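Please keep the sequence and the coordinates at hand while reading.

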Amino acid sequence: MPRAGLDSETVVDAAAALADAGGLHWVTLARLAADLGVRPPSLYAHVGGLDDLRRRLGVRGAAELAAALGSAAQGRSGADALRAVADAYRAYARAHPGTYAAAQQVPDPNDAQAARQLVDVVLAVLRAYGLEGDDAIHGARIVRSALHGFVALESEAGFGIPISLDESYERLVTVLDHGLRPAT
C-alpha cells in the first residue's frame with residue numbers, strides 16, 4: 001500500500017530537489033527513498049523505476065523551462081526577446097541544474113508536448129528575425145547549442161580565466177542576435 005501523502009508528483013518533486021542539489025547523477029531510487037522516508041520498492045507504486053523517474057523529471061524540466069522562456073519573451077520581439085529568453089534560460093539552468101540536465105534528453109514521443117512548447121517559444125522569437133520553416137529550426141538549434149554550451153561550461157567551472165562571465169554571456173547573445181538577422 002502506498003504511503004499516505006506520497007504520490008507521483010511528490011516523488012518527482014523530491015527527485016527534482018535531489019537533482020538540483022547534487023546533479024542528475026545523484027538521483028537514485030535508494031537515495032530518493034531515503035529522503036522520502038520509505039523503502040526503495042515503495043517508489044514503484046508511484047514511478048516505473050529510475051528511467052521513468054528521470055523521464056518524468058525531464059518532462060517537468062522542459063515544461064518549467066518553456067514557461068520561464070515564454071514569460072520572458074511575452075510582449076517582446078527581436079533582440080529584446082532574444083536577450084530576455086537567453087537570460088531566463090541561464091537563470092533556470094543555474095537555479096535548477098539537475099532538472100535542467102534532465103530536460104536536455106530527447107523526450108519520449110508520448111511526452112513531446114513540453115519539449116514542443118519549449119521549441120515553440122524559441123521559434124516565436126525567431127519569427128522576428130524572418131526565420132520560418134527549416135531556417136527557423138536551424139536557428140533554434142543554433143540558439144539552443146550556444147546557450148546550452150555556455151551554461152554547461154559555466155556549471156562545470158569550465159571557464160578558468162578570471163574575467164566577467166556575465167559580459168561573456170552578453171556578448172554571446174549579441175553574436176546570436178547579429179547572426180540571426182537577415183543579410184542586408
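This is a predicted model: local features need pLDDT of at least 70, side-chain atom pairs count only at pLDDT 80 or more; totals for chains, interfaces and linings use all residues.

Helix α2 covers residues 29–36, and its buried positions are L29, L32, A33 and L36. Viewed down the axis of α2, these buried residues fall within an arc of 100 degrees, so they line one face of the helix.

After α2 comes G37, a residue whose phi is positive, with a value near 75 degrees.

## The chain as a whole

The protein chain contains eight helices and zero strands, and its order along the sequence is accordingly written α-α-α-α-α-α-α-α. The C-alpha trace spans about 65 × 40 × 25 Å along its principal axes. Of the 184 residues in the protein chain, 40% count as buried. Where contacts link residues at least 6 apart in sequence, 68% of them join residues at least 24 apart.

## Packing of α3 and α6

Two packed helices are described by the angle between their axes and the distance between the axes. For helix α3 (residues 50–73) and helix α6 (residues 112–127), the angle is about 25 degrees and the axes are 7 Å apart. An angle under 35 degrees counts as roughly parallel, and α3 and α6 are therefore roughly parallel to each other. Their crossing is left-handed.

On the α3 side the contact is made by V59, A62, A63, L65, A66, L69, G70 and A73, while α6 contributes A114, A115, Q117, L118, V121 and V125. Taken together, the residues of this contact between α3 and α6 comprise twelve nonpolar and two polar ones, with no charged residue.

## Packing of α6 and α7

Helix α6 also meets helix α7 (residues 133–155), and here the axes come within 9 Å and cross at roughly 110 degrees. Since angles of 65 to 115 degrees count as roughly perpendicular, α6 and α7 are therefore described as roughly perpendicular to each other. The crossing in which α6 passes α7 is right-handed.

From α6, the residues V122, L123 and L126 meet A136, I137, G139, A140 and V143 of α7. The residues in the contact of α6 with α7 divide into seven nonpolar and one polar, again with no charged residue.

## Two individual positions

What surrounds G78, apart from residues up to four places away in sequence? With those residues not counted, G78 touches V125, A128 and Y129; V125 is also one of the α6 residues in the contact with α3. G78 belongs to helix α4, which covers residues 78–95. The relative accessible area of G78 is 13%, and because buried means under 20%, G78 is classed as buried. The C-alpha atoms of G78 and G130 are separated by 9.7 Å, although these residues lie 52 residues apart along the chain.

Is A157 buried or exposed? Its relative accessibility is 65%, and because exposed means over 50%, A157 counts as exposed. A157 lies in the loop between α7 and α8 (165–180). The phi of A157 is near 55 degrees, which is a positive value in a residue other than glycine.

Conventions
Residues are numbered from 1 along each chain as its sequence is written. Side-chain values use heavy atoms; hydrogens and water are left out. Axes are lines fitted to C-alpha atoms, for helices over the stretch in contact, and angles run from 0 to 180 degrees between N-to-C directions. Helices (H or I, at least four residues) and strands (E, at least two) are DSSP runs, numbered from the N terminus. Angles under 35 degrees count as roughly parallel, over 145 as roughly antiparallel, 65 to 115 as roughly perpendicular and the rest as oblique. A crossing is left-handed if the near helix is turned anticlockwise from the far one by less than a right angle, and right-handed if clockwise. Contact means heavy atoms within 4.5 Å. Ala, Val, Leu, Ile, Met, Phe, Trp, Tyr, Cys and Pro count as nonpolar, Asp, Glu, Lys and Arg as charged, and the others, Gly among them, as polar. Buried means under 20% relative accessible area, exposed over 50%, partly exposed in between (1.4 Å probe, protein chains only). The arc is that of the directions from the helix axis to the C-beta atoms.
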